[in-house]
Amino acid sequence: MKKFRKTIGVILTAVLAVGMTAACSSSESNGGSTNAPPSANASSGAAETADALDYTFGEGQTFHSNEPVTYSMMYSDHEGYPYQESWRLWSAIQEKTNVTFDLSIIARTEYENQKSLLVNSGDAPYIIPKTYSEAAFIPSGQIVPISEWVQYMPNYMKAVKDWGMEEDLKVKMQADGKYYVLPGLWEVAGGGYSYIIRKDVFEAAGIDVEAEEANWTYETFYEALKKVKEHTGAKYVWSDRFKGDSTLNIAAVEYGVTGGWGLSNGLTFDHDKQEFQFADTSDNFKQYVSYFNKLIKEEILDPESFTQDDDTALAKFYKGDTFVINGNYQNLADMMTKMQVPNSELYMIVQPGGPAGQLQIEASRLENGIMISQNALKDLGEEGFIKMLRFVDWLWYSDEGQTLSLWGVEGETYTKDANGNIVLKEDITFNGLNPTATKKLNVDYGFGGGVFAYGGSAKLKMSKMTEGEKDYNDRILKYRETRKLAPPIMASADESEQLNLISTPLMDYVKTMTLKFITGQADIEKEWASYVAQAEANGSTRYTQMANEIFAKTKSVLGY
């Protein structure tokens, strides 16, 4: 039986080369027959043999401990599928591995705050999943530099090698050349967020959506939106959700700037010049805010898009008052069941292009990841620590573990067809599959949740997609170009502190002015020069200089 405790508040070139050599050796691949020695240093001495281990592990082999073992872990409790002790997920993991969890269960909305408190106090559980940004936790010394240990994770290292993830992982490197989080690894990038439209309305307005989306830019998309407004006479064509942050993020990519969820530090990287630039005072940024201001002025975009909650935006769409809203394909699948207009046809378009090109939004194949607390190493000792890593390696990085986390138990929640493809049981629904089924894979069984189910092969990724989502992803790959990832700014602790002191007020100002420009509270033409001057006064130039100085010192490590 599992133990539970609830918490109140319901890169890489040198390191990877060493790790890859160890992980891809025949000793690791043969399921633990003659494995690497139990040390963070792959070249150290004592031999680790199968007889010396009380567990099995390896590529193509299920991790299983001879004796029951419990590992403490933080758990982000999602309100859409709240934690249940009786979930089949827990017993399925235990049956396979003989491992149970001592969970710190934390409401999703409080997860980041509680994570900070637990890590900084030195009380963090061993396994800390759902970590999107690890930099703030590194100075505490409470997080293991996991890149020194990945050679003991054969499934993880196999994915890195087979899928060519070396360049992707460089973005996780810190100033010391190490990385501190095990990211979820996808063989292929996803489609991500875009615009869900009423295709039936667009086509009635004379727009051949499927023909035009291949070459749409934001300006030609604007022309289509105007036609829809003229045809429908609607007060607004588009009323957005997520307070506009998703829309501002995906549009920013096409304009070569930053905004919304991707605001970050305002920097973009010029790969030709090999330098950072502050994009959010550029001419492209002026075009970017001017575009959305035009939509507001012409009453195409609802100004409440930047203040209303999700339910309000969705209600307008469901009732047929508006015809465009931001979302991902999982959102679309849910929305299709709630439309109040008969014969509504929903369609997710490929994101329009812009001045920066016709670019894919999702460039990274990395997901949120897992930090490992120093408490694990301290409490378990080196050999016990490596054992735990091999369990983590199986559950989060082996095809068997990933399939279990996503789909559950074969014969109970899914079957396979003659071609080996996953077929969800007819009485279970998930991600738009079997939409009329009475049971939910995540709510009733615990599978397919965000704490465990991320990362995997292209086949596994496609297995959870409806035919419509597969088509959406295929269109993105066909019509849009991949884009290069920016290198990390490998700042030291002191440099990070200096950068943060600049970026926090700077980006607060940029965010405030972005919304003022878009909504018309500030006149773009009259106040642009003063905006640029104030951004410089807030440190935009100094921040960019520091970023480039740090990059110049570290670019050889990154392979530039």
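Which residue does the side chain of Asp 200 meet in a salt bridge?

1. Asp 200 pairs with Arg 198, at 2.8 Å from N to O. A salt bridge here means a side-chain nitrogen of Lys or Arg within 4 Å of a carboxyl oxygen of Asp or Glu. Arg 198 is buried, because its relative accessibility is 5%. Asp 200 is partly exposed at 23%. The cut-offs: buried is under 20% relative accessible area, exposed is over 50%, and partly exposed lies in between (1.4 Å probe, protein chains only).

2. A note on the source. The model is predicted: local features need pLDDT of at least 70, side-chain atom pairs count only at pLDDT 80 or more, and totals for chains, interfaces and linings use all residues. Residues are numbered from 1 along each chain as its sequence is written, and side-chain values use heavy atoms, without hydrogens and water.

3. The whole structure holds 29 salt bridges. One of them joins Arg 88 to Glu 412, at 2.9 Å from N to O. Arg 88 sits in helix α3 (residues 88-97), and Glu 412 in the loop between α15 (399-407) and β16 (414-416); the two are 324 residues apart. Helices (H or I, at least four residues) and strands (E, at least two) are DSSP runs, numbered from the N terminus. Arg 88 is buried at 17% relative accessibility. Glu 412 is partly exposed at 39%.

4. Asp 168 bridges to Arg 365, with the closest N and O atoms 2.9 Å apart. Asp 168 lies in helix α6 (residues 166-169) and Arg 365 in the loop between β14 (346-349) and β15 (366-372), so the pair ties together parts 197 residues apart in sequence. Both residues are buried.

5. Salt bridges link Lys 199, Glu 203, Glu 210 and Glu 345.
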